[in-house]
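Reader: I am new to this structure. Please show me how to read it, one feature after another.

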Amino acid sequence: EWIRTENVLNRVLRNNVVAEEEYQSSRDGGYYLQTMSPVQDDKGRFSAVLVTSKDISERHQFEDRMKTWAMQDELTGLLNRRGFLFFAEQQQSVAKRLGRKLLLLFMDMDNLKTINDTLGHELGDAAIQEMAQVMNETFRRADILARIGGDEFAVLAFETTTGYAETLQSRLLQTVLTHNARKDRKYNVSMSVGAVIWDPASAETIEDVLTIADKLMYEQKMQKKKKK
């Protein structure tokens with residue numbers, strides 16, 4: 001399983017340099033660092049190339065975890081803002097190519113500060129995790145779900161039918177009601193939602209759509225406060 005290409009060997013011998021190559025073993029799936037070093041005979045002539053291999057699988061696993069952590073919210077397991085923007089921009093490119101509309105929901109949890117202040121941050125974290133659970137139960141596996149801030153969440157989905165935004169929000173409300181109906185609860189989960197449909201003919205970026213949805217969400221939150 002050594003990586004022995006003619007170009008690498010020639011470079012080692014011609015330039016008197018050490019060459020390193022990483023490869024994945026087809027035998028055990030591990031990752032190895034292969035080093036090729038020129039060897040001189042007693043007359044100073046290059047007579048061979050010494051090849052050594054070091055198992056670097058643990059380093060690769062660590063790097064993979066770092067890549068995951070860079071785009072994943074640790075508390076909920078959802079994507080974080082960086083991960084959301086990365087995958088949402090990819091989805092936007094696909095939608096533009098296919099001429100498909102996208103639906104973005106921006107959600108802000110209601111009363112999280114009250115939960116933290118009266119019940120403690122441990123239950124506040126539990127409420128955030130429950131919000132993620134509600135999202136996982138409501139939306140499709142193909143939808144892009146993220147926690148993009150402390151109490152802010154976002155969903156990006158292909159719009160499939162007319163009225164789909166209303167359908168999704170109704171489904172989300174039903175899931176929330178089911179959770180809040182459980183016995184022995186110390187708090188209820190609720191959120192304000194801003195929904196925006198992105199048209200493939202639009203020049204708006206995902207960041208632009210997030211900003212618009214954020215404003216709509218804020219308007220809904222203010223309306224709730226006025227009704228109290």
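Predicted model: local features only at pLDDT ≥ 70, side-chain atom pairs only at ≥ 80, totals over all residues.

Reader: Over how many bridges do strand 1 and strand 2 pair?

Author: Strand 1 and strand 2 (residues 31-40) pair over 6 bridges, in the antiparallel sense.

Reader: Now the helices. How do I read a packed pair?

Author: Two packed helices are described by the angle between their axes and by the distance between those axes. Now the case here. Helix 5 and helix 6 pack at an angle of about 130°, and their axes are 9 Å apart. The two helices are therefore oblique to each other. Their crossing is right-handed.

Reader: Which residues of helix 5 and helix 6 meet?

Author: From helix 5 come Glu 130, Gln 133, Val 134, Glu 137 and Thr 138. From helix 6 come Leu 168, Arg 171, Leu 172, Thr 175, Val 176 and His 179.

Reader: Which residues of the largest nonpolar core touch the most other members?

Author: That core has 26 residues. Those touching the most other members are Met 107, Met 131, Met 135, Phe 139, Phe 153 and Met 191. Several elements give two or more residues to this core: strand 4 (102-109), helix 4 (112-119), helix 5 (121-138), strand 6 (152-158), helix 6 (164-180) and strand 7 (191-198). Helix 5 supplies the largest share, 6 residues.

Reader: What is Met 107 in contact with?

Author: Leave aside its neighbours within four places in sequence. Then the contacts of Met 107 include Met 131, Met 135, Phe 139, Phe 153 and Met 191. Asp 151, Glu 152 and Ser 192 are also among them. There is a second, separate core as well, of 21 residues. It includes Leu 156, Trp 198, Ile 206 and Leu 210.

Reader: Is Gln 92 buried or exposed?

Author: Check the relative accessibility. Under 20% means buried. Gln 92 has 11%, so it counts as buried. This residue lies in helix 3 (residues 81-98). Not counting residues up to four places away in sequence, Gln 92 touches Leu 102, Trp 198, Glu 204, Thr 205 and Ile 206.

Reader: And where does Leu 216 lie?

Author: Leu 216 lies in helix 7 (residues 206-227). Its relative accessible area is 34%, so Leu 216 is partly exposed. Again not counting residues up to four places away in sequence, it touches Val 193, Gly 194, Ala 195 and Val 196.

Reader: Last, the loops. What is the phi of Asn 111?

Author: Phi of Asn 111 is near 65°, a positive value in a residue other than glycine. Asn 111 is in the loop between strand 4 and helix 4. At 44% relative accessibility, this residue counts as partly exposed.

Reader: Where is Asp 184?

Author: Asp 184 is in the loop between helix 6 and strand 7. Its phi is positive, about 60°, although Asp 184 is not a glycine. With a relative accessible area of 79%, Asp 184 is exposed.

Terms used. Residues numbered from 1 in each chain as written. Heavy atoms only, no water. Core = buried A, V, L, I, M, F, W, Y, C linked by side-chain atoms within 4.5 Å. Buried < 20%, exposed > 50% of the residue type's maximum accessible area, 1.4 Å probe, protein only. Helix = DSSP H or I, 4+ residues; strand = E, 2+ residues; numbered from the N terminus. Contact = heavy atoms within 4.5 Å. Pairing = 2+ DSSP bridges. Axes fitted to C-alpha atoms, helices over the stretch in contact; angles between N-to-C directions. Parallel < 35°, antiparallel > 145°, perpendicular 65-115°, else oblique. Left-handed = near helix turned anticlockwise from the far one by under 90°.
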